[in-house]
Amino acid sequence: DDQHTAKDSFLMALLTFGEGYHNFHHTFANDYRNGEKWYHWDPTKWAIYSLSSFGMAFDLKRTNQLDILKSRMSLEERHIGTSWMNDSRFAEQIHNLKLKMDQTAHRWTELKSEALKLKLEASEASKKRRKEIQRQMKAAYREFLAYVEQWRALMEAFRQGTLQPT
């Protein structure tokens with residue numbers, strides 16, 4: 001998010017035990033991590049996760065990747081400015097892609113909720129259903145990523161002035 005003064009910095013992360021990635025935490029305050037990626041230098045994240053493995057920390061919150069991607073896309077749109085809204089072809093394509101992304105993200109979220117409910121059940125049928133749901137979640141995630149790639153291609157075409165009619 002460019003609305004925060006905190007900026008990601010590997011060097012500062014080294015000097016401050018992970019606080020150099022605090023911009024992520026400002027944007028997604030419920031997430032226990034500062035460094036989003038597993039390899040981001042964030043010893044506090046690793047300590048909290050380790051404590052949870054031993055039952056000493058509970059209910060760790062993580063922002064799902066779909067919300068992170070949506071946030072990044074929103075930031076990119078702000079950097080481009082509002083001029084793209086004046087191009088009706090472009091605005092309509094972006095609007096349609098965002099609708100598809102929202103529907104896919106919603107489907108993924110519903111599947112995740114169902115999988116979490118089934119995780120509490122120990123029956124063989126619930127295990128099979130959970131595997132099927134996980135397969136559907138992966139498919140929905142791949143579909144979402146395909147829409148993100150289409151969105152990026154549209155943004156790049158707009159930046160370069162090469163947008164073709166659909």
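**A helix pair and a pocket**

Helix α5 (residues 88-119) and helix α6 (residues 124-160) have axes that come within 9 Å and cross at roughly 160°. Helix α5 is therefore roughly antiparallel to α6, a label for angles over 145 degrees, taken between N-to-C directions of lines fitted to C-alpha atoms. Helices here are DSSP runs (H or I, at least four residues), numbered from the N terminus. The crossing of the two is left-handed, that is, the near helix is turned anticlockwise from the far one by less than a right angle. Where α5 touches α6, the contact residues comprise 20 nonpolar, five polar and eight charged.

The model is a predicted one, in which local features need pLDDT of at least 70 and side-chain atom pairs pLDDT 80 or more, while totals for chains, interfaces and linings use all residues. Residues are numbered from 1 along each chain, and side-chain values use heavy atoms, without hydrogens and water.

Turning to open space, the largest pocket has a volume of about 400 Å³. A pocket is an open set of points on a 1 Å grid where a 1.4 Å probe fits, with protein on both sides within 12 Å along at least five of seven lines; lining residues have an atom within 4 Å of a point. Its lining counts 13 residues, with Arg62, Thr63, Asn64, Trp108 and Lys112 nearest the centre. Helix α5 contributes the most to this lining, with four residues. By class, four lining residues are nonpolar, three polar and six charged.

Gln65 belongs to helix α4. Gln65 counts as partly exposed because its relative accessibility is 25%, between the limits of 20% for buried and 50% for exposed.

How values were computed: Axes fitted to C-alpha atoms, helices over the stretch in contact; angles between N-to-C directions. Parallel < 35°, antiparallel > 145°, perpendicular 65-115°, else oblique. Nonpolar A, V, L, I, M, F, W, Y, C, P; charged D, E, K, R; others polar. Points joined across faces, edges and corners; volume = space filled by probe spheres on them. Buried < 20%, exposed > 50% of the residue type's maximum accessible area, 1.4 Å probe, protein only.
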